[in-house]
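Q: I am new to this structure and would like to learn how to read its features. Can we take them one at a time, with the general idea before the case?

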Amino acid sequence: MRIHYILFLLFVIPLGCLPQKNIDKTLEKMNSGSVSYVTPQELPNQKVVLLDTRELEEFKVSHLKDALWVGYKDFDITTVLENIPEKETPIVVYCSIGVRSEDIGEELQKAGYTNIKNLYGGIFEWKNQDKVVIDSLGQETENIHAYSKYWGKLLTKGNKVY
């Protein structure tokens, strides 16, 4: 009986602590859906302001073209209010997969913004679909900051940078 318990602790519990094997299951598990999604396929057909909610070091490696960095830990709603005064402006928030961006989307909603979407799968899904990202010099790049080796498993295309 004791050996079964030890095997359970060693093999079963860690599996539940790993990121899900795909973005769909991870978002289903970690997000509430409080901010509606827009898919990478839908985004190019829309005129929106893109807000990158990752850390600055992630943004510098690569980001979506024309995205404004607003951060996550250092997020300050004042920056958004100054840059996007019209609260009806269509805004798409994104991060690595869409978890941190949902949090920032909620902050924007609390501040009165009414047209917020969360990029489904974030920059990882964007790149997984072979879409273009740019570096801090505005040049196309294959590099994507994968946040950590733990979460980087969800990035299947491009060059992972840690």
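Q: Which way do the residues of strand 4 point, and are they buried or exposed?
A: In a regular strand the side chains alternate between the two faces of the sheet. In this predicted model, strand 4 sends Ile-91 and Val-93 one way, while Val-92 and Tyr-94 point the other way. All of these residues are buried.

Q: Where does strand 1 join, and over how many bridges?
A: Strand 1, residues 37-38, pairs with strand 5, residues 116-119, in the parallel sense over two bridges. Tyr-37 has Asn-118 as its bridge partner in strand 5.

Q: How far apart are Val-38 and Lys-117 in sequence and in space?
A: Val-38 and Lys-117 are separated by 79 residues in sequence, and by 6.0 Å in space from C-alpha to C-alpha. Val-38 belongs to strand 1. Leaving out residues up to four places away in sequence, Val-38 touches Leu-43, Gln-46, Val-92, Lys-117, Asn-118, Leu-119 and Tyr-120.

Q: Why does Val-38 count as buried?
A: Val-38 counts as buried because its relative accessible area is 2%, and the cut-off for buried is under 20%.

Q: What is the relative accessible area of Asn-118, and which residues does Asn-118 touch?
A: Asn-118 lies in strand 5 and is buried, with a relative accessible area of 0%. Beyond residues up to four places away in sequence, Asn-118 touches several others, among them Asn-31, Tyr-37, Val-38, Val-93 and Glu-102.

Q: Where is Ser-62, and is Ser-62 buried or exposed?
A: A loop residue has to be checked for burial like any other. Ser-62 sits in the loop between helix 3 (56-61) and strand 3 (68-69). Ser-62 is buried, and its relative accessible area is 0%.

Q: What lies 2.7 Å from a polar atom of the side chain of Ser-62?
A: That is the backbone oxygen of Asn-143. Asn-143 is also one of the residues that Ser-62 touches, not counting residues up to four places away in sequence; others include Arg-54, Ile-123, Asp-135 and His-145.

Q: What is the volume of the largest pocket, and which residues line it?
A: A pocket is read by its volume and its lining. The largest pocket has a volume of about 250 Å³. Its lining includes Leu-43, Gln-46, Leu-50, Asp-66 and Trp-126. By class, eight of the lining residues are nonpolar, one is polar and two are charged.

Q: How much space lies in the second largest pocket, and what lines it?
A: The second largest pocket holds about 170 Å³ of space. Met-30, Cys-95, Arg-100 and Trp-151 are among its lining residues. The lining has six nonpolar residues, one polar and one charged.

Q: How many helices and strands are in the protein, and what share of its residues is buried?
A: The protein has seven helices and nine strands. Of its 162 residues, 41% count as buried. Among contacts between residues at least 6 apart in sequence, 66% join residues at least 24 apart.

How values were computed
Residues numbered from 1 in each chain as written. Predicted model: local features only at pLDDT ≥ 70, side-chain atom pairs only at ≥ 80, totals over all residues. Heavy atoms only, no water. Helix = DSSP H or I, 4+ residues; strand = E, 2+ residues; numbered from the N terminus. Buried < 20%, exposed > 50% of the residue type's maximum accessible area, 1.4 Å probe, protein only. Polar contact = N/O pair within 3.5 Å; in protein donor to acceptor, adjacent residues only side chain to side chain. Contact = heavy atoms within 4.5 Å. 1 Å grid on protein atoms, 1.4 Å probe; cavity = no way out; pocket = protein on both sides within 12 Å on 5 of 7 lines; lining within 4 Å. Points joined across faces, edges and corners; volume = space filled by probe spheres on them. Nonpolar A, V, L, I, M, F, W, Y, C, P; charged D, E, K, R; others polar. Pairing = 2+ DSSP bridges.
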